Amino acid sequence: MLCGWADITGGKGSEDINDYPSANPPLNICGNSSYDIAYSKWGKEWRLPTVREFRELLNKCEWHWIDSNDGKGYKIIGPNGNSIFLPTNYISYNATDTLDYGVYWSGTLCQDQKQGAMYLYFCPVSYHVRGGRRTEKYSFRPVVNDGAEIESIPEEEASEDELI
């Protein structure tokens, strides 16, 4: 499912930021039933990941590019040996060509762009956190909402990374 940031319906097609739930949403929407599509679609046990959680994947995990008949993407292995697979999911502007990119929303607003939010981006040769327009249609990969209060994200963490 591709959706704009903070679109809990997953059905907004507009490029106008004013058509989204709020022109001025909170810095972090993770677990917020008014803005978080994972929470809205699957219930309070699920939420969008924070940009801090994406940075943890980047900095503490092993990333292995997979290109098989079952699909393309990254197998990400944590320090404890657990792994997740993030498939490529980006569709080109002509909506017919699937490209070797993965783009996943975080629940964190981007401090570098007035109308942006943070996302995890990857291709076969790199992976990093970026900021992009909230009206873009990207995927999301829910995480378990363990009920713990989500720490506020310092502004410097809500900005784009250098390429890894």
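**Strand pairing, aromatic contacts and salt bridges**

Tyr121 stands opposite His128 of strand β7. This pairing is part of a predicted model, in which strand β6 (residues 116–123) and β7 run antiparallel to each other and are joined over eight bridges. The two strands make a hairpin, and two residues separate them. Strand β7 spans residues 126–133, and six of its eight residues are buried, so the strand is largely enclosed by the rest of the structure.

The chain as a whole contains two helices and eight strands. Their order along the sequence is α-β-α-β-β-β-β-β-β-β. Of the 164 residues in the chain, 45% are buried.

A further antiparallel pairing connects strand β3 (residues 71–77) with strand β4 (residues 83–87) through five bridges. Within this pairing, Ile84 of β4 is the bridge partner of Ile76. The hairpin of β3 and β4 has five residues between the strands, and Gly81 adopts a positive phi near 95 degrees there.

Twelve aromatic pairs are present in the structure. One of them is formed by Trp63 and Tyr127, whose rings are stacked, with 4.2 Å from centre to centre and 5 degrees between the planes. Trp63 belongs to strand β2 (residues 62–68) and Tyr127 to strand β7, so this pair ties together parts that lie 64 residues apart in sequence. Both Trp63 and Tyr127 are buried. A tilted aromatic pair is formed by Tyr119 and Tyr138, with a centre-to-centre distance of 4.8 Å and an angle of 50 degrees between the planes. This pair, too, links distant parts of the chain: Tyr119 is in strand β6, whereas Tyr138 is in the loop between β7 and β8 (143–144), 19 residues apart. Tyr119 counts as buried because its relative accessibility is 7%, and Tyr138 is buried with a relative accessible area of 8%. Trp63 and Tyr127 are also members of one aromatic cluster that includes Trp65, Tyr74, Tyr104 and Phe122.

Four salt bridges occur in the structure. Arg47 makes one with Glu53, and the closest N and O atoms of this pair are 2.7 Å apart. Arg47 is buried, at 6% relative accessibility, while Glu53 is partly exposed, with a relative accessible area of 28%. A salt bridge also forms between the side chains of Asp100 and Lys72, at 3.2 Å from N to O. Here the partners come from distant parts of the chain, Asp100 from the loop between β4 and β5 (102–109) and Lys72 from strand β3, 28 residues apart. Asp100 is partly exposed, with a relative accessible area of 28%, and Lys72 counts as partly exposed at 28% relative accessibility.

Arg133 forms a salt bridge with Glu136, in which the closest N and O atoms are 2.5 Å apart. Together with Glu15, Arg133 and Glu136 are linked in a network of salt bridges.

On the surface, Trp42, Trp46 and Val144 make up a nonpolar patch, and their accessible area together is about 320 Å². Trp46 is located in strand β1 (residues 46–47). The relative accessible area of Trp46 is 33%, so the residue is partly exposed.

A search for disulfides across the whole structure returned zero. Cys3 is buried, with a relative accessible area of 1%, and Cys61 is likewise buried, with a relative accessible area of 18%. The value for Cys61 lies under the 20% limit for buried residues.

Methods:
Residues numbered from 1 in each chain as written. Predicted model: local features only at pLDDT ≥ 70, side-chain atom pairs only at ≥ 80, totals over all residues. Heavy atoms only, no water. Patch = residues over 30% accessible without salt bridge, like charges linked within 9 Å, V, L, I, M, F, W, Y side chains within 5 Å. Areas by Shrake-Rupley, 256 points an atom, 1.4 Å probe, with all protein chains shown as cover. Helix = DSSP H or I, 4+ residues; strand = E, 2+ residues; numbered from the N terminus. Buried < 20%, exposed > 50% of the residue type's maximum accessible area, 1.4 Å probe, protein only. Disulfide = S-S within 2.5 Å. Pairing = 2+ DSSP bridges. Phe/Tyr/Trp six-rings, centres within 6.5 Å; stacked < 30°, edge-to-face > 60°.
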